[in-house]
Amino acid sequence: MKTIKRLAKCIGVYKKNSILSPIFVSLEVIMECLIPFVASKLLKFIQDGEIEIPTLSIYGGILVALALLSLTFGALAGTHCSIASCGFAKNLRKELYENSQNFSFENIDKFSSSSLVTRMTTDVTNVQQSFMMIIRTAIRSPLMFIFSIIMAFSLAGSMAVIFVIVVPILLFALLMIMKKAMPIFKKVFKKYDRLNSSVQENIKGMRVVKSFVREDYESEKFRNASEDVRNDFIRAEKILAYNNPVMQLCMYALMLFVCFFGSRLIISSNEAAFDVGKFSALLTYGMQILSSLMMLSMIFVMLTMSGESARRICEVIDEKSTITNPENAITAVKNGDIDFSNVNFKYAKRAEKYALENINLHISSGQTVGIIGGTGSSKSSLIQLIPRLYDVTDGSVSVGGIDVRSYDLDTLRNEVAVVLQKNVLFSGTIKENLRWGNEFATDEEIEHVCKLACADEFINSFPNGYDTYIEQGGTNVSGGQKQRLCIARALLKKPKILILDDSTSAVDTRTDAFIRKAMRDEIPNTTKIIIAQRISSVEDADMIIVLDDGKINGIGTHEELIATNAIYNEVYTSQTKGAKME
Amino acid sequence: MNKGFRGRPMKKAKKGTLGRVLKFLFSSYKLPLTVVLICMILSTIAQICPGVFQQLILEKVQLALADMKLGMSPSGALELYFDDITVICLTLLAVYVVGLISSFIYNRTMAITTQKFLDKLRNTMFGKMQKLPIKYFDTHSHGDIMSYYTNDIDTLRQLVSQSVPQLIMSAVTIITVLVLMLYFSVWMTLIVIVGVFAMIIVTKVIGGGSAKYFVKQQKALGKVEGYVEEMIHGQKVVKVFCHEEKSIQEFTALNDKLCEDATSANKYANILMPIMNNIGHILYALIIFIGGVLVLAEVPNISLSGKPLDISTLIPFIGFSKSFTMNISQVSQQFNAIAMALAGAERIFEVIDEEPEVDYGYVTLVNATEDKQGNLTESEKRTGIWAWKHPHGDGSVTYTKVRGDVRLNQVDFGYVEDKIVLHDISLYAEPGQKIAFVGATGAGKTTITNLINRFYDIADGKIRYDGININKIKKDDLRRSMGIVLQDVNLFTGTVMDNIRYGKLDATDEECINAAKRANAHSFISMLPDGYNTVLSGDGSGLSQGQRQLISIARAAVADPPVMILDEATSSIDTRTEAIVSAGMDALMQGRTVFVIAHRLSTIKNSNVIMVLDHGRIIERGSHEDLLAQKGKYYQLYTGSFDFDE
């Protein structure tokens, strides 16, 4: 219920259309229900044979007019319905997307990116279709049902009693079928999903399957799983297979009743209580009543199925960003000083283990700092606290002497540039990609930063130079080239603090050294933090931090750490073991 | 459905596809489908022919009313016609009972048959897929293959369970109704047909417009989805560059365009229904009106039955025109679904028709016992000694002990003909040796290992395994004799134990645990919440890269093959974790012939021979020390003044 309320808010300016659509649908239904009524009168006249052509034309004209009116209302309803439902879907997507843009890293981690994409695409489509049903079919069917019942009773009186018997039977049967079948369907759909994900696993691991000669084993495994799904589906479908016969049963009962008792009534009352026209109209109304019931049960199934989608959408819309701009935010960063004081950090409140524990650190503006540590030692966690991609759990992180939580987020993140480890380029030209760093950068500025990042050479070797088109995900440049473009992009921000999170791992050591030298010479006042696997990338830093299991294991210069730090020493020897020439 | 078909142009299905689907269906389920067909026809007829009974009854009513006009009392008239009416109603009841029973049988049998058919199709496809060469998976995107199982199977389900039955039923209905209409009145039939024609024309006009907009909507949807996908995957970068506002702007533009196109497309579709409905109503009015005029004007009727046109013949026409128009529009609606399903069916058949991996090998791998003279005897049990069983043309059989001696002799190879990627590769790996390959991405390192286990076949040259040409060895047995550990670890849903046992299906728990111990994986597995029974899902996503690699090493260890291939097994692991993994790996390599591909040179320094590959050729070879002394490419690599990826 809360979900529906929340989603209803997204209808926004399309409220008018959403209301008009059911209104027109109602009018359409009324017209449609009048048609058999008028027709029955006409039939009666013909039956009596006491009608003249002009009267016939008038009644015929009324019938055509009713049909045309019904058509007009139907078309209007259809139009408003499409405007409303497409608009609603647009608003949903917009709300989803905008909210996701406000997500903090923590929110992003919570929903995987592929699940976010499904929510914005498939789930929205599902909800849109249900919405369309609600403002059209779901109004039409009950109305049709009610009007037809009313007309049937007013027209045929006692004969309409048959509906009192048939309708509850059909209703009961449909409900039973649904009640039995739905839970099985829900279960089997989950199984079916699992079956498909096991296929995916198999395709991805085909080299392993073939290497271990497990083709037959896999086929057997699949056959069992598939059979399981099949049997469940059959169980559910068998129940569903009652649907049509039950509907037919009711129809046939109605038909027989009208034929048998109706004809007798006509004769016995000498057309007073019932006549041939009513005979025909009653059958038409009967059809409408029963089929609208069928339709309702279908709508019910559809709505239950899209309920899950609605819930998933709401989850995203209602997700509050865990990081928001403070009031009276500070919009200038004084310098590139960084301070960590008594920082503890964990990714989830419920997590037992801290990712970072008791971090105290001072980095002065303009310093170059290296960070070394194994995977899982929380190197990336440490630096992500500086631009406030995550908030500390305890303690505080300051930039330029002020707690990062006091800054305006845009200001802070523009001054603290991070080149992320898992970095991406977007589809567009190289220039467009670089301008992410600064929309208004001139060509000279762009070329300058590319020179600093040692990217100018390979960019110029492309036939289209800076206008070379980068494919989605940057698949048409090599790993090393991608990393250098990402560095250039960050440099274009002219930040006070530059953080490179393992950003030169695919770049050869010599180029790596050139980049570091360029940064030392060209942006001396920028604080530079370098996370690296290679000791050579950090050995000339002013300060090197050794992280182990979320704690600072040692701080010092290369020489100091060689002398005092066991981990540093171990990594150093493992990388230079054997013969280090020179 | 939108998603699956994005980017895949809807091509027209080949002519034979529908026939093939039906043949596949009928050949497997001849009996149930024959029953279904008969029941379907019976139940359809039962639904229509009440019109005839209705007419018969009304005819009697007419007669009774006429009698009454002549002065008969109602009770007398009722008495006179009561038996007739009862007989008609009882006959109708009988028809209905038959109809209901057939309907029940047909609905139920069809539901079961459809599921069996889908199950069979899935199994055929999956079984076939297992037999396809690796090349197939290298040249088809995994997303595409997946959509065969999801989208295409689903459209086929619709085809079999809905479209085809609907078509058959509609055809039966249309024919029956047409006959019945002619039975009653040719004039009225003509009116109905004219009305239906008008309806078809309107549908075509509106449907055409709608199709155009649906294509537009599909395109706009593709754009929105593409944009969302790219941005959401790069969300963290968006945040770091404070690009949120801009991305919302761009998204809004695309989103608005989609809304516009979708509205137009849906408008057409939504208007179509009331139009069809109301043309039906107008037709209804016309039938009564024109029919009325004809009755009043006492126009002579032409009909198969010879009955005159009166109110009793007119009323059934109301029902007839309804079912006639409804079924015509049903048929037209099914066409789209059928076209789509056939495109899906064609893709599925493409997989089923794909050439399977061929294997002419006849040398097999057997367990053997060895006597003191070194003679090998085949054994049923696992002995720890493996032998190649080599049958000869004269009926004799020789056994060769599996030692792990691999030789490549002047091997050339290309993934596509005419484009050779490996040139003149020769190498000798003696049992127990460690052979390493280094080189840039695309230099051909992995390709060589692909040739050794025959994922691909060589174009020229020879590969011998323990002196036997590998083309003579049965592929399954060849692969069974080699273990492989890859950079991208693939674990399967199941427990840790299941995953290790994948290497040797009949391994005891103890064997698996021992293998894990040898691979250095035991200690972390013991620390998992349920130890070896911890269930891994989603490719072991709860584990770190290093831990997953350790499990894959244990998996190779339990298989205990004489030859191991390690393809970049440690390159996505950091140097510290690598130390642990390396220890596991070293244990695994003990006493085997090992081929190692590595990016990081520290892992291969102790190899017996290092091959430096460049553009598909071996440019340097020798031990670490030899190569350093040569001061060539390897030396540059090692000292960091050169990197292959540049």
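With 21 C-beta neighbours inside 10 Å, B:Asn520 counts as buried. Buried means that 20 or more other C-beta atoms lie within 10 Å of the residue's own; 12 or fewer means exposed, and anything in between means partly exposed, with C-beta atoms placed from the backbone. This is a predicted model: local features need pLDDT of at least 70, side-chain atom pairs count only at pLDDT 80 or more, and totals for chains, interfaces and linings use all residues. Residues are numbered from 1 along each chain as its sequence is written, while chains are lettered from A and ligands numbered from 1 in the order in which they are written.

**Asparagines with positive phi**
- B:Asn520 sits in the loop between helix 15 (509-518) and helix 16 (522-527) of chain B. Helices are DSSP runs of H or I, at least four residues, and strands are runs of E, at least two, numbered from the N terminus.
- Phi of B:Asn520 is near 70 degrees, a positive value in a residue other than glycine.
- A:Asn342 belongs to strand 1 (residues 338-345) of chain A. Its phi is near 50 degrees, again positive in a residue other than glycine.
- A:Asn342 counts as exposed, because it has 12 C-beta neighbours inside 10 Å.

**Domains of chain A**
- Chain A splits into domain 1 (2-318) and domain 2 (338-576). Such bounds come from an automatic or database domain assignment.
- The C-alpha centres of domain 1 and domain 2 of chain A are 56 Å apart.

**Contact between the chains**
- Chain B gives 127 residues to the contact and chain A gives 125 residues. Two residues are in contact if their C-beta atoms, placed from the backbone, lie within 7 Å.
- Helix 10 (residues 244-297) of chain B supplies the largest share of chain B's side, 30 residues.
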